[in-house]
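Me: I have a two-chain structure open and would like to go through it in short questions. Keep each answer brief and end on what I asked for.

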Amino acid sequence: MTGLRLVLRAQPDQRLDLSPLTPDRLTGLDPGAIAALKLHTTRHSVTVGDIFDIHPGDPADIRIEGGSDRFDCVGQAMRTGALTVRGDVGQQAGRLLAGGTLLIQGSTGGWAASGQRGGMLEIAGNTGAYLGGPLAGERTGMRGGIVLVRGNAGQRAADRLRRGLVIIEGDAGPHAGSGLFAGTLIVCGRAGALPGILMRRGTIILGKPADLAPSFVAANPVGLVFTNLLTRASATLSAKAAACVQAATTRYSGDMAVLGKGELFVST
Amino acid sequence: MPDLTPIVRNGITIDATYAEAFDMRATALVITAPTLRWAHIAAASMTGFATSVIACGVEAAIDAELPQEATPDGRPGVRVLLFAGSTGELQKQLINRVGQCVLTSPGSACYAGLTGTEPLKLGDGLRYFADGHQISKRLPDRHVWRPPVMDGEFVCEGTTGLTKTAVGGGNLILLGRTSATTLAAAEAAAAAIAATPDAIAPFPGGIARSGSKIGSKYKGLIASTNHAFCPTLRAEVPDTALSPDIGAVLELVIDGLTPDAVAAAMRNGLAAVIALGPDSGVTRVSAGNYGGKLGRHHFHLHELAPAP
């Protein structure tokens, strides 16, 4: 049985909340019930049927064909199955993702993977600010799972990361890994200013030299067995990330301005 | 009535008997190091004094060498199996032995070697050695602890697996004309058992020369020498199992993660002994049992012997 296809008919004239379109929430619904699901975020009602042509199929494998930067909360709180978007999406893609695989074949807005707890989010294009970060009022950001960004990320990627693995194959904006609690961030490209600023624990690996805060202190050695494990774990996801981990030559401890139990590897 | 007629293979008599074995709890570890030599040193240290649960708490030995591509961190390693009578004793021995013998060994790392039905603490129990400086790292495929040590870090997986369907006590008793030929046969069998996956022979070099029976004339001893198989007692004990031509007896005790692993190890050991022949090896093979009343696993030698 092929997957459920939702083909975009026209660009929406308001921001839409696509959180109902996950395998968990569509299982058991007939096409009519799916078409009636409300997606609007203003007073003007918009349903799935207004935006998409529905091609019935297995709801465990949903394919949204056509994107919009007004599609917010794609795959929110998804627990199982697969959801693929052929196009760009808006903010909070994969927000609270708990399981399954969410693939965005375009770019995303900010706060992708915010509060993610499990599963895998892959973004083929670029992503906005606060990748995996917390929303206002939340203490921690991403708490588990894997995020793989093939392109670049905006500022404060992996902000307040609590657990999980974040890989950015391209460049990252300023303050990548800011306030990291734990978890692992790999930036294969160039990181903006002050990566890892105020990180408490956790691991950041940078593929290129960066402007570190003076509160990061060189702490050998490199060549730790742990990097072998991380190389192997990331190799299944990204050859660039594996090469980046393998190439790390200098290890810093930081951020000494706070707890200082984090580690930052840099390839020089 | 079962057929009690011995069979003969390559001039060696195979008794119509069976090895009686018991259910055990078991786990497995993968120990890696910068070189295979140091992986062996760490593993040999942690499996020292682990021949019998009677007094060692655990029976343990190296199961296999692992090539670099088969270990989690891409370094040379060995897989170690540990067997005990209870989950509690296995857990205690695991922490003590890894903590004292693997953590201390230069360059070592330790990983789960078994996906079991329940977890046993490994790094989860040893992390406190780091006095608060330990790093927890949850990777997609495993959770490891990284206690800092003086040569870097001791990477240790949080837990390993427990199996409750392991079997201990498979055995072969080899009876030969001289000590030298009997030892040659036992070494051939031990090598064959060592090459069998998921099975170990925990006694020194895989061989035991002091086979035991249950009980003793002395209070407090739960096992004593198996007098029926002692050549020097042939004339003085009425129930000797030895004919006049037998000058030495050696035993191989086998533990396996499954009954099939024990059977395969016994089959391989038996085949190696038979291939050696009676002149260079032993003239008779037997097995130890307790009348079938104590262990629920019975490995019959005639079913494991190679075809004529």
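Me: Which residue in β4(A) stands opposite Leu6(A)?
Reply: This is a predicted model, and the pairing is read from its coordinates. Strand β1 (residues 3-8) of chain A runs parallel to strand β4 (residues 58-65) of chain A, with 5 bridges between them. In β4(A), the residue opposite Leu6(A) is Ile64(A).

Me: What phi does Leu96(A) have, and is Leu96(A) buried or exposed?
Reply: Leu96(A) lies in the loop between β6 and β7 (101-104) of chain A. Most residues other than glycine have a negative phi. Leu96(A) is not a glycine, yet its phi is positive, about 60°. Buried requires 20 or more C-beta neighbours inside 10 Å; Leu96(A) has 20, so it counts as buried.

Me: Where is Asp131(B), and is Asp131(B) buried or exposed?
Reply: Asp131(B) is not a glycine either, and has a positive phi of about 60°. Its place is in the loop between α3 (123-126) and β8 (135-138) of chain B. The cut-off for exposed is 12 or fewer neighbours. Asp131(B) has 9 other C-beta atoms within 10 Å, so the label is exposed.

Me: What is the omega of the peptide bond from Gly254(A) to Asp255(A)?
Reply: Asp255(A) lies in the loop between β14 (250-254) and β15 (262-266) of chain A. Most peptide bonds are trans. The bond from Gly254(A) to Asp255(A) is cis, with omega near -5°.

Me: Which element gives the most to the side of chain A that touches chain B?
Reply: The contact involves 12 residues of chain A and 14 residues of chain B. On the chain A side, β10 (163-168) and α4 (225-235) each supply at least two residues. With 7 residues, the element that gives the most is α4(A).

Me: How do the residues of that side of chain A divide into nonpolar, polar and charged?
Reply: The side in question is the 12 residues of chain A in contact with chain B. They divide into 9 nonpolar, 1 polar and 2 charged.

Me: How many residues are in the largest nonpolar core, and which have the most contacts inside it?
Reply: In soluble globular proteins, nonpolar side chains tend to be buried together. Here the largest nonpolar core has 171 residues. Its largest share, 10 residues, comes from helix α5 (residues 259-280) of chain B. The residues with the most contacts inside the core are Val166(A), Ile31(B), Leu174(B), Ala189(B) and Val273(B).

Me: Which residues does Ala189(B) touch, not counting residues up to four places away in sequence?
Reply: Ala189(B) is one of the residues with the most contacts inside the core. Leu174(B) and Val273(B) are in that group too, and both are touched by Ala189(B).

Me: What separates the C-alpha atoms of Val149(B) and Thr104(B)?
Reply: Val149(B) sits in strand β10 (residues 148-149) of chain B. It has 15 C-beta neighbours inside 10 Å, so it counts as partly exposed. Along the chain, Val149(B) and Thr104(B) are 45 residues apart. The separation of their C-alpha atoms is 8.8 Å.

Me: What is the radius of gyration of chain A?
Reply: Chain A has 5 helices and 15 strands, and 51% of its 268 residues count as buried. Its C-alpha trace spans about 60 × 35 × 25 Å along the principal axes. A compact globule of 268 residues would have a value near 18 Å; chain A agrees with this, at 19 Å.

Me: What is the radius of gyration of chain B?
Reply: Chain B has 6 helices and 19 strands. The globule rule gives 19 Å for 308 residues, and chain B is close to this, so it is as compact as a globular protein of that length. The value for chain B is 21 Å.

Me: What are the mean pLDDT of chain B and the ipTM of the model?
Reply: Where pLDDT is low, the predicted coordinates should not be read in detail. In chain B, 99% of residues reach 70 or more, and the mean is 95. The model scores pTM 0.92 and ipTM 0.91.

Key. Residues numbered from 1 in each chain as written. Chains lettered and ligands numbered in written order. Predicted model: local features only at pLDDT ≥ 70, side-chain atom pairs only at ≥ 80, totals over all residues. Contact = placed C-beta atoms within 7 Å. Helix = DSSP H or I, 4+ residues; strand = E, 2+ residues; numbered from the N terminus. Nonpolar A, V, L, I, M, F, W, Y, C, P; charged D, E, K, R; others polar. Pairing = 2+ DSSP bridges. Core = buried A, V, L, I, M, F, W, Y, C linked by C-beta atoms within 7 Å. Rg over C-alpha atoms; globule rule 2.2 N^0.38 Å. pLDDT = per-residue confidence, 0-100.
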